[in-house]
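Visitor: I'm new here. Could you walk me through how to read this one?

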Amino acid sequence: MKHSTNRQTRRGRGPARRIGRSLAFVLPVVLVLSGTFAVARVNWSGASSSPVLTAASGASSRADARAPQHVLRDRLLVELQEENPGVALTHLQQAVNDRPSLAKHCASIARALGKAAVRVYGPTKAQSYARPVCDTSFASGVTTANR
C-alpha cells in the first residue's frame with residue numbers, strides 16, 4: 001500500500017536523463033573513432049613524402065629505402081678511406097649519441113671499420129686508431145682481419 005506522503009517524483013525521468021543516456025552511448029564511440037583516425041593519420045615512418053601512412057605504402061617505402069645503419073656504415077667506410085679511422089670512429093660515436101636506435105648496430109659497424117682499416121692501413125697502423133667506441137669492437141675487427 002502506498003503512503004500519500006511517499007510521492008514519487010519525476011526526478012531522473014525527464015529530457016535531461018534521455019540526453020545524458022544518449023551522450024553516454026555516443027561520446028565513447030566518437031572518442032574511439034576520432035582517436036583511431038588521429039593515429040592513422042600520423043606519419044610514423046618519418047618520411048615526409050606522404051601525410052597518410054597506409055600498410056601498402058609503408059611496405060613499399062621500406063623496401064625502397066636503405067636501413068639507416070647501412071647508410072651510416074657506408075658513409076663511415078668512405079670517411080675511413082678519405083681521412084682516417086679516428087675520424088670515422090668519432091663520427092660513429094656521434095651518430096650513436098644522436099640516434100640511440102643505432103646503438104644495437106654500433107658493434108657491427110665498428111668491426112667493419114676495423115676490418116677496412118686493416119685493408120687500407122695495415123694491421124699495426126690500424127690498431128693505433130683503436131678506441132673504446134662500442135665496447136672496443138673496432139679493435140676486434142682489426143684482430144679478426146689479421147687472421
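Guide: The protein has 7 helices and 0 strands, where helices (H or I, at least four residues) and strands (E, at least two) are DSSP runs numbered from the N terminus. This is a predicted model, in which local features need pLDDT of at least 70, side-chain atom pairs count only at pLDDT 80 or more, and totals for chains, interfaces and linings use all residues. Residues are numbered from 1 along each chain as its sequence is written, and side-chain values use heavy atoms, with hydrogens and water left out.

Visitor: Is Leu92 buried or exposed?

Guide: Buried means under 20% relative accessible area, exposed over 50%, and partly exposed in between (1.4 Å probe, protein chains only). Leu92 sits in helix H4 (residues 85-98), and Leu92 counts as buried because its relative accessibility is 0%. Across the protein, buried residues make up 22% of the 147 residues.

Visitor: Which residues is Leu92 in contact with, leaving aside neighbours within four places in sequence?

Guide: Contact means heavy atoms within 4.5 Å. By that rule, the partners of Leu92 include Leu72, Leu76, Cys106, Ile109, Val133 and Cys134. Leu72 is 20 residues from Leu92 along the chain, yet their C-alpha atoms are separated by 7.9 Å.

Visitor: And what about Val26?

Guide: Val26 belongs to helix H1 (residues 15-41). Its relative accessible area is 40%, so Val26 is partly exposed.
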